[in-house]
Amino acid sequence: MEALVTIRPELLTIHPDQWEALKPLMWALGGVALAMIASVLRRFNPKWLVLFISLCAVLGGSIAAGIGLPLSPVYIFNEGYVVDGLANLFTILFLSSAGVTILTSFKYLDREGLQYPEYNILILFSAIGMMLMVSAVNLIVMFIALEIMSLSVYVLVGFRRADRRSNEASMKYFILGSAASAILLYGIALLYGATGTVSLRGISSFVQHNAQLSPLFVMGVGLSMVGFLFKVAAVPFHMWMPDVYEGALAPITGFMTTGLKAASFAALLRFFISLGYGKGLSFQVQDHLRDILWLCAVLTMVVGNVVALTQTNLKRMLAYSSIAHTGYLIIGIFVGAKSGQGYSGLVFYLVSYALMNLGAFAVLSAISTRGDGGLNLHNLSGLSQKHPFLAFAMAVFMLSMAGIPPTAGFYAKYLLFYSAIEAGEISIVVIGVLCSAISVYYYLRVLVCMYMKDAADSVPITRVSAWSTLAVASMVALTVQLGVLPARMVNVAKKVVQNL
């Protein structure tokens, strides 16, 4: 059995093409370092300086990743880290999510009395963890990246320190998240014991050359799956999400529902591909794992949509909606594990999902009162009269989540369901379509309140900041653009998964 890490001296030298591939990460790390220095300077107001540095880091990193998209794989750090098309695409997604969260949080933090420079720094740290996680091709690197991402979010969830709900949400997320991380780490240990390596490429090679896989390997895969399924809030590991979403700051909830979910699914995608589906994994084990994924997808879709019907708090409703969308996304993993055709649909869905959820929570951040009050369904009454733009934006996001054309959500669901039909999985498509039909009810309730009810009992809205308006308008434009002209993004999604 080989050593846990075999270091070859020639792999420790970073070549020019590798430095080029690392530019997005360097932008984010440089932004964190400068923001930390700026936060303790006495001569300048740290609020504006940290905002400027954070936005520059996000913009610079996104441009650097976009220039390298799509990119042939570049392996770095003893082949434990890869920069490829998938990593660059998701880096743009993570940094954009961080940028939108920072923009929508600026006036929000002033209103809440929480304008501290640590806020933006923690968001950047979490984004760095996401970037590392999507590029990790070594299970130890992936676990460390997961903890960098998670620890930052644990603090951000409890950022409203004087609020008991926020403290409870942070503590609950920390305890359950730590338990899931421990299970994932134990699964990684078992996989190392069975294969002699923690490299995803090494595990893939092991699977291809061993027709009969040991119970130790199967148990390691199972425990690792539990850890990943917790992070994406799949049933039955979803219990933490509604309470955490309700207790967290509204902009942080939007950041969690996009960045964390996308990073976790990207890591799960690399993990499943390393298991060698279609390359030599024994049919018995393969079928068992697909059966588990099928059941998990169905339960997640059904539970998320049915429970969302009863919610009147908008953050809890969107939390259960997020659980339901996790079920749709698992269809992409399930179909890809069977035929390899669902992965591009999964990538497109994650991008579309990020746009509409970031926009929805940006609207909630704008209409909420101090302490995130005023976020019940009846508080939206008459929003179209008091703020037509926010009402229109929220309507676009709700229709996209429901899968109504011509929005990004419609085409994303079409791609996933079509790939499942091509793979012969008609039953899961029928269940998915029925669950989508159920979701239309609670999404349209939001539109009914905004456009068809009087504004008598609703909470008055103060002037929406230019930062929030810019963020919301960008999300609306991209959500509609991906629905009307999806071909370019579909081609990018296909290119970034073809070399995995």
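The structure holds zero disulfides, a disulfide being defined here as a pair of cysteine sulfur atoms within 2.5 Å. C296 takes part in no disulfide, and the nearest cysteine sulfur, that of C435, lies 13 Å away. For C435, the closest cysteine sulfur is in C296, at a distance of 13 Å that is too far for a bond. The model is a predicted one, in which local features need pLDDT of at least 70 and side-chain atom pairs count only at pLDDT 80 or more, whereas totals for chains, interfaces and linings use all residues. Residues are numbered from 1 along each chain as its sequence is written, and side-chain values use heavy atoms, with hydrogens and water left out.

Relative accessible area, computed with a 1.4 Å probe on protein chains only, is used to class residues as buried (under 20%), exposed (over 50%) or partly exposed (in between). C296 counts as buried because its relative accessibility is 5%, and C435, at 4%, likewise counts as buried. L309, by contrast, is partly exposed, with a relative accessible area of 26%. L309 is placed in the loop between α12 (283-308) and α13 (314-339), where helices are DSSP runs of H or I with at least four residues, numbered from the N terminus. Although L309 and C296 are 13 residues apart in sequence, their C-alpha atoms are 20 Å apart in space. When residues up to four places away in sequence are not counted, L309 touches I438, Y441, Y442 and R445, contact meaning heavy atoms within 4.5 Å.

Helix α9 (residues 215-231) packs with helix α11 (residues 250-274) at an angle of about 160 degrees, their axes being 9 Å apart; axes are lines fitted to C-alpha atoms, for helices over the stretch in contact, and angles run from 0 to 180 degrees between N-to-C directions. This angle makes α9 roughly antiparallel to α11, a term applied to angles over 145 degrees. Residues V221, S224, M225, F228 and K231 of α9 meet S264, A267, L268, F271 and F272 of α11, and by class this contact has seven nonpolar, two polar and one charged residues. In these classes, Ala, Val, Leu, Ile, Met, Phe, Trp, Tyr, Cys and Pro count as nonpolar, Asp, Glu, Lys and Arg as charged, and the others, Gly among them, as polar.

Helix α7 (residues 164-195) and helix α10 (residues 240-247) pack at an angle of about 145 degrees, with axes 8 Å apart. Their contact is formed by R165, S166, A169, K172, Y173 and L176 of α7 together with W240, D243, V244, E246 and G247 of α10, and its residues divide into five nonpolar, two polar and four charged.

Key. Helix = DSSP H or I, 4+ residues; strand = E, 2+ residues; numbered from the N terminus. Parallel < 35°, antiparallel > 145°, perpendicular 65-115°, else oblique.
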